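I opened the notebook again today and went through this model piece by piece. Here is what I looked up, in the order I looked.

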Protein chains: 2
Amino acid sequence: MALIVQKYGGTSVGSVERIHRVAEQVADARRAGHDLVVVLSAMSGETDRLVRLAHEVTPSPDEREMDMLLSTGERVAIALLAMDLRGRGINARSYTGRQVGIITDSRHTKARIARVTAERIREALAEGIVPIVAGFQGINERSDVTTLGRGGSDLTAVALAAALKADRCIIYTDVDGVYTADPNIVPSARRLDKVSYEEMLELASLGAKVLQSRSVEFAARHGVPVEVKSSFKEGQGTLVTKEDADMERVAVSGVTGDRNQAKITIVGVPDRPGIAARIFGPVADANIVVDMIIQNVSQAALTDISFTVPRADLRKAVSLVQRVAKEIDAKSVAVTEAIAKVSLVGVGMRLHSGVAARMFEVLSREGVNIMMISTSEIKISCVIDEKYLELAVRALHAAFGLDRVA
Amino acid sequence: MALIVQKYGGTSVGSVERIHRVAEQVADARRAGHDLVVVLSAMSGETDRLVRLAHEVTPSPDEREMDMLLSTGERVAIALLAMDLRGRGINARSYTGRQVGIITDSRHTKARIARVTAERIREALAEGIVPIVAGFQGINERSDVTTLGRGGSDLTAVALAAALKADRCIIYTDVDGVYTADPNIVPSARRLDKVSYEEMLELASLGAKVLQSRSVEFAARHGVPVEVKSSFKEGQGTLVTKEDADMERVAVSGVTGDRNQAKITIVGVPDRPGIAARIFGPVADANIVVDMIIQNVSQAALTDISFTVPRADLRKAVSLVQRVAKEIDAKSVAVTEAIAKVSLVGVGMRLHSGVAARMFEVLSREGVNIMMISTSEIKISCVIDEKYLELAVRALHAAFGLDRVA
């Protein structure tokens with residue numbers, strides 16, 4: 001008999017029929033003899049409806065009030081599931097973020113969890129109750145409602161699993177796990193049975209939207225085994241867990257593509273100390289995350305500096321950079337929007353050499369020019385022309401032997 | 001500068017436009033220099049939507065879960081109004097029933113207020129904040145969400161006004177006050193400037209749906225002056241307050257009609273001690289409220305007993321009574337559904353004699369037969385044939401000089 005935290009996303013509880021299905025799944029897990037804690041998101045569409053209402057009321061709604069508003073969505077979902085389960089004779093009870101003791105800081109709409117008491121959940125479990133917990137929300141020290149930002153319900157589930165030392169945290173979602181590549185791009189992509197926290201973090205930050213980085217970091221820090229599973233399909237999902245020998249056997253676990261970047265180049269930058277700080281200081285101050293930076297070899301005391309920023313921040317970044325470029329007497333600022341980043345991820349890279357060389361060779365063979373390169377211990381990324389992204393992902397997927405065995 | 005508790009019902013906050021109107025009204029009261037506490041109901045339609053969802057999920061939803069579900073409606077309303085006000089530069093803050101310390105017993109869906117701490121409201125007022133409070137909800141000693149039942153938001157407002165010793169509690173609703181009679185029946189009915197708590201209680205329990213009895217009782221016990229006002233129309237409303245000489249000047253303050261009754265007669269009841277208890281014990285046990293009881297003069301050791309019950313409970317009451325009638329050897333049970341109750345209410349009755357006699361005379365003159373009579377210190381009610389109800393109300397309204405002075 002294990003203690004399992006299950007988390008269901010908005011689409012999984014998006015209608016009365018789907019709530020019934022979740023109730024059946026919970027009933028099955030109970031019959032299998034497990035102790036259960038269930039964490040829910042708001043019914044899909046509900047959060048959007050509330051956000052729309054808020055913006056109809058006032059153009060820039062106060063964030064504390066936004067949290068008061070949005071936290072109602074999860075409460076509706078937990079009450080409905082709890083009454084469904086009770087109607088089936090299962091002793092379920094709904095609990096808000098406050099009631100299970102999710103204590104956060106006061107950064108409304110994007111609060112960080114400070115601690116989790118989980119007292120009432122422990123009591124409930126001891127009494128044989130199935131606690132149904134509102135995800136995404138907590139309270140601050142003043143007892144005001146806070147919300148945890150995007151992917152907040154995953155975080156609630158992982159944090160509760162950590163506090164309760166649960167045997168597993170299962171995230172039910174609309175995909176059935178983590179794949180070697182986006183199946184929309186690579187039809188032969190395989191579901192991974194296991195990935196390490198580190199790989200999952202790289203995959204998450206690279207745009208594989210299965211689990212938010214914060215949840216993965218939290219799980220890694222507390223050693224919570226997280227399984228990502230489909231709520232609509234039977235069968236195994238992907239287990240996110242500690243690195244092990246299995247994972248190290250292969251060099252590359254997955255290939256990802258990311259279109260969400262744009263490149264800015266400052267041409268003819270005087271090559272003297274302190275220039276980088278002059279450029280990137282204002283960009284960082286504006287909360288723009290710079291991903292890759294490349295500086296060419298200096299010629300005649302002039303150099304070119306290229307870097308990538310999220311496309312959404314491009315306009316803001318360019319206007320900042322143009323001001324700095326003038327101040328430091330650079331020649332010009334060039335922008336390339338049509339770029340993409342293709343990356344290989346795998347903890348096995350630590351042991352297998354030659355992954356980078358092989359990656360460059362594959363891209364070159366396909367006629368794909370590499371504009372920028374960055375590497376970490378378990379990842380290699382190349383910035384390429386956007387139009388080659390699918391081609392590059394497919395070629396690398398095949399070259400590193402990730403294709404499904406037919 | 002006064003401290004005023006304002007309460008707005010569901011229709012007053014039923015749309016974004018109406019929320020704007022409430023915000024303007026709050027802004028006006030602030031400009032007039034008043035300290036304000038605002039209590040809201042859920043946006044009209046929202047509670048119905050949630051109840052419907054619950055019943056789609058399961059036929060008889062658990063009551064604790066129902067409270068978790070329904071309490072979200074008021075939270076949405078307070079968050080929206082608070083962000084609206086903040087958008088206008090007014091320092092407003094939303095608070096849940098828990099946050100303002102509405103502590104109740106654990107009778108979910110119909111909890112009673114045990115105490116009101118109002119600590120955070122006092123703090124907020126001291127800081128110049130306008131607290132926007134979720135009506136209808138509280139928490140029990142276990143910190144579970146409870147709701148106060150029908151008219152619960154009025155009760156929240158009155159209870160807060162009592163706890164804060166507010167100068168006035170204004171209930172904004174869709175009528176502009178308490179009338180001498182239902183204006184749909186008596187077009188010449190006048191709005192009363194003032195009524196006593198006792199009169200209001202009689203009027204409320206007689207079916208004038210302006211304020212729930214519980215709120216009036218609470219206000220009377222704590223001496224809270226309550227004003228009922230239209231949220232859509234400028235001008236004065238009706239003040240519900242302690243009895244005073246003004247009110248006593250007239251014998252009758254209002255005439256009400258109530259169709260929500262049915263009459264049961266047990267014919268041929270053996271007239272011996274203990275019979276009444278045998279009959280009304282089981283009815284009371286079934287939570288059916290018996291309003292009037294009449295027992296005929298006994299003839300040949302047999303009597304007839306008639307009484308009225310709410311129409312909604314008629315079927316249940318009849319089946320109980322039929323069983324008892326058999327046990328006590330009564331002859332038969334007769335039911336009359338098409339009855340109505342017409343009542344005169346007024347604290348002045350204590351001083352003015354002859355009100356009852358005049359009432360009977362007016363009804364007799366109109367050819368209305370009186371089936372049952374009951375009186376209290378400030379009320380006389382007659383049960384009559386339902387079809388004469390409007391006629392009776394109009395005739396009494398005119399006879400007691402309640403018509404609007406043209």
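**Helix α7 of chain B.** I began with α7(B), residues 213-222, where B:Arg214, B:Ser215, B:Val216, B:Phe218, B:Ala219 and B:Ala220 are buried. For burial I count other C-beta atoms, placed from the backbone, within 10 Å of a residue's own: 20 or more is buried, 12 or fewer is exposed, and in between is partly exposed. Helices here are DSSP runs of H or I with at least four residues, strands are runs of E with at least two, and both are numbered from the N terminus. Just after α7(B), I noted B:Gly223 with a positive phi of about 60°.

**Ground rules.** This is a predicted model, and I kept local features to pLDDT of at least 70 and side-chain atom pairs to pLDDT 80 or more, while totals for chains, interfaces and linings use all residues. Residues are numbered from 1 along each chain as its sequence is written, and chains are lettered from A and ligands numbered from 1 in the order in which they are written.

I then turned to B:Phe136, a residue other than glycine whose phi is positive, near 80°. B:Phe136 sits in the loop between β6 (130-134) and β7 (137-139) of chain B. Is B:Phe136 buried or exposed? It counts as buried, because 28 C-beta neighbours lie inside 10 Å.

B:Ser143, also not a glycine, has a positive phi near 75°. I found B:Ser143 in the loop between β7 and β8 (145-147) of chain B. With 12 other C-beta atoms within 10 Å, B:Ser143 is exposed.

**B:Ala124.** This alanine belongs to helix α4 (residues 119-126) of chain B. B:Ala124 has 22 other C-beta atoms within 10 Å and is therefore buried. Setting aside residues up to four places away in sequence, B:Ala124 touches B:Arg93, B:Ile129 and B:Pro131. By contact I mean C-beta atoms, placed from the backbone, that lie within 7 Å. B:Ala92 is 32 residues from B:Ala124 along the chain, and their C-alpha atoms are separated by 9.1 Å.

**A:Ala114.** A:Ala114 counts as partly exposed because it has 13 C-beta neighbours inside 10 Å. Beyond its neighbours within four places in sequence, A:Ala114 is in contact with A:Ile103, A:Thr104 and A:Asp105. From A:Ala114 to A:Gly223 I get 18 Å between C-alpha atoms, across 109 residues of sequence.

**Chain A as a whole.** Chain A holds 12 helices and 20 strands. Its C-alpha atoms fill a box of roughly 80 × 55 × 30 Å along the principal axes. Of the 406 residues of chain A, 48% count as buried. Among contacts in chain A between residues at least 6 apart in sequence, 75% join residues at least 24 apart.

**α2 against α3 in chain B.** The axes of α2(B) and α3(B) come within 9 Å and cross at roughly 155°. I took axes as lines fitted to C-alpha atoms, for helices over the stretch in contact, with angles from 0 to 180 degrees between N-to-C directions. The pair is therefore roughly antiparallel; the cut-offs are under 35 degrees for roughly parallel, over 145 for roughly antiparallel, 65 to 115 for roughly perpendicular, and oblique for the rest. Which residues meet in α2(B) and α3(B)? B:Glu46, B:Thr47, B:Leu50 and B:Ala54 in α2(B) meet B:Met66, B:Leu69, B:Leu70, B:Gly73 and B:Val76 in α3(B).

**Between the chains.** I finished at the contact of the two chains, which takes 27 residues from chain B and 27 residues from chain A. On the chain B side, α1 (16-31), α2 (46-57) and α3 (63-87) each give two or more residues. α3(B) gives the most, with 14 residues.

Helix α3 (residues 63-87) of chain A packs on α3(B) at about 170°, with axes 8 Å apart. The two are therefore roughly antiparallel to each other. Residues of this contact include A:Leu69, A:Thr72 and A:Val76 of α3(A), and B:Leu69, B:Thr72 and B:Val76 of α3(B).
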